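Please consult the sequence and the structure alongside the text.

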Amino acid sequence: MLNGPAWANSLFEDNAEFGLGMRFSIDQQTGFAKSLLEGLKDKIGAELVEKILNNPQSNDVEIDAQRDNVKELRAKLAGINTEEAKHLDKLADYLIKKSVWILGGDGWAYDIGFGGLDHAIASGKNINILVMDTGVYSNTGGQQSKATPMGASAKFATAGKSLPKKDLGMIAMSYGNVYVAQVAFGANDAQVIKALNEAEAYDGPSIVIAYSHCIAQGFNLADGLSHQKDAVETGSWPLYRYNPENIAQGKAPLMLDSKAPSKPLSDYMANETRFQIVHKANPERYENLLNKAQENVNEKRSLLEHMSEFKVEAGE
């Protein structure tokens, strides 16, 4: 489900639960199809059955091969007049790898749907979550969300949010078995593609948090990609990928994809109305919030650099 109009907000609380339910259903149907396949091995042919069951389907080539295997399977099932064969013919598509992606905005992921999202990633199931983070409740009039950055003005925080934004990525990483990435298309499009491919390939829960510019941020959206780049270059939005599979290879699970900040945070905040409203209304408060936000950026960068160098021995 994709984050949509305001009237649908109640649905988003169950967004992750819905996706998790789909995963459970697909896995159950796949397991049943495999059971039927095993039971019909003598009639179908052991070679084809083994090809289907042993295909890891870890890349496009292997998935395409599985589609050909299922096509061959259906041709054989057409000549077998049993209820089991008819049932397997209906379920045969479940022998091809199915991908489950859950899409939503930060209002859902950080706030009203966080409980469901947390339950979904804690399940250990092979689901993928894409969070489009605008830093505000975009669809319901621009209220602050837990993703609203420090110093930004929003409804219910018109004087500027005084606390840092919730670190959804760090929460997900704390599980240790969740693939986590933070991306920004305007800053590094290749990293976005790499993260999405890795999330899809990872056999377990994954979450990709994408910087998403929005009119509520207060600038011409034609300049959205340059604002994304500014967010990364000032350290407001670090790029990284956390892949638990790296541990087995003796590597640090966290890969820090953005360089150390090359600009002060003030450069980024000076170009968006959501920050400048605070500056005009109360310059002293703005400077105070800016200094705190800069400290937060520095601390987070230091933590990410440390994590990117920290290797965990497999089995520890």
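## Overall architecture

The protein contains 14 helices and six strands, where helices (H or I, at least four residues) and strands (E, at least two) are DSSP runs numbered from the N terminus. The model is a predicted one, in which local features need pLDDT of at least 70 and side-chain atom pairs count only at pLDDT 80 or more, while totals for chains, interfaces and linings use all residues. Residues are numbered from 1 along each chain as its sequence is written, and side-chain values use heavy atoms, with hydrogens and water left out.

Of the 316 residues, 45% count as buried; buried denotes under 20% relative accessible area, exposed over 50%, and partly exposed in between (1.4 Å probe, protein chains only). The accessible surface comes to about 15400 Å², and 53% of this area belongs to carbon and sulfur atoms; such areas come from the Shrake-Rupley method with a 1.4 Å probe, and for residues only the protein chains shown count as cover. Among contacts with a separation of 6 or more, 68% are made by residues 24 or more positions apart, a contact being heavy atoms within 4.5 Å.

In soluble globular proteins, nonpolar side chains tend to be buried together. The largest nonpolar core has 45 residues, of which L117, I129, V131 and I207 touch the most other members. Helix 14 provides the largest share of this core, seven residues. Apart from it lies another core of 19 residues, including L36, L37, L48 and I52. A nonpolar core is a set of buried Ala, Val, Leu, Ile, Met, Phe, Trp, Tyr and Cys residues joined through side-chain atoms within 4.5 Å.

Beyond its neighbours up to four places away in sequence, V131 touches G104, G105, D106, W108, A109, Y110, L168, I207, V208, I209 and A210. In helix 13 (273–281), the buried residues are R274, F275, Q276 and V278. Their cover includes strand 4, helix 12 and helix 14.

## Cavities

Two cavities of 30 Å³ or more are present. On a 1 Å grid over the protein atoms alone, a cavity is a set of points where a 1.4 Å probe fits but cannot get out, and lining residues have an atom within 4 Å of a point. Grid points are joined across faces, edges and corners, and a volume is the space filled by probe spheres set on the points.

The largest cavity holds about 420 Å³ of space. It is lined by 33 residues, and P149, K165, S236, W237 and K300 are the closest to its centre. Helix 14 (283–309) is among the helices that supply at least two residues each, and its five residues form the largest share of this lining. By class, the lining has 18 nonpolar, nine polar and six charged residues; Ala, Val, Leu, Ile, Met, Phe, Trp, Tyr, Cys and Pro count as nonpolar, Asp, Glu, Lys and Arg as charged, and the others, Gly among them, as polar.

The second largest cavity holds about 60 Å³. Its lining consists of V232, G235, P238, S258, K259, P261, V297, K300 and R301, with helix 14 giving the most, three residues. Four of the lining residues are nonpolar, two polar and three charged.

## The largest pocket

About 410 Å³ of space lies in the largest pocket. Its lining comprises 20 residues, and T30, K34, P56, Q57 and K97 are the closest to its centre. Two or more residues each come from helix 2 (15–39) and helix 4 (46–54), and helix 2 gives the most, with five. The lining divides into eight nonpolar, six polar and six charged residues. A pocket is an open set of grid points with protein on both sides within 12 Å along at least five of seven lines.

## Selected loop residues

N126 lies in the loop between helix 8 (114–122) and strand 2 (128–133). Because its relative accessibility is 16%, N126 counts as buried. Leaving out residues up to four places away in sequence, N126 touches R23, Y202, D203, G204 and P205. D203 is in the loop between helix 10 (189–201) and strand 4 (206–211) and, at 65% relative accessibility, counts as exposed.

T82 is located in the loop between helix 5 (60–77) and helix 6 (83–91). T82 counts as buried because its relative accessibility is 18%. Aside from neighbours within four places in sequence, T82 contacts L40 and K43. T82 and L40 are 42 residues apart along the chain, and their C-alpha atoms are separated by 9.9 Å.
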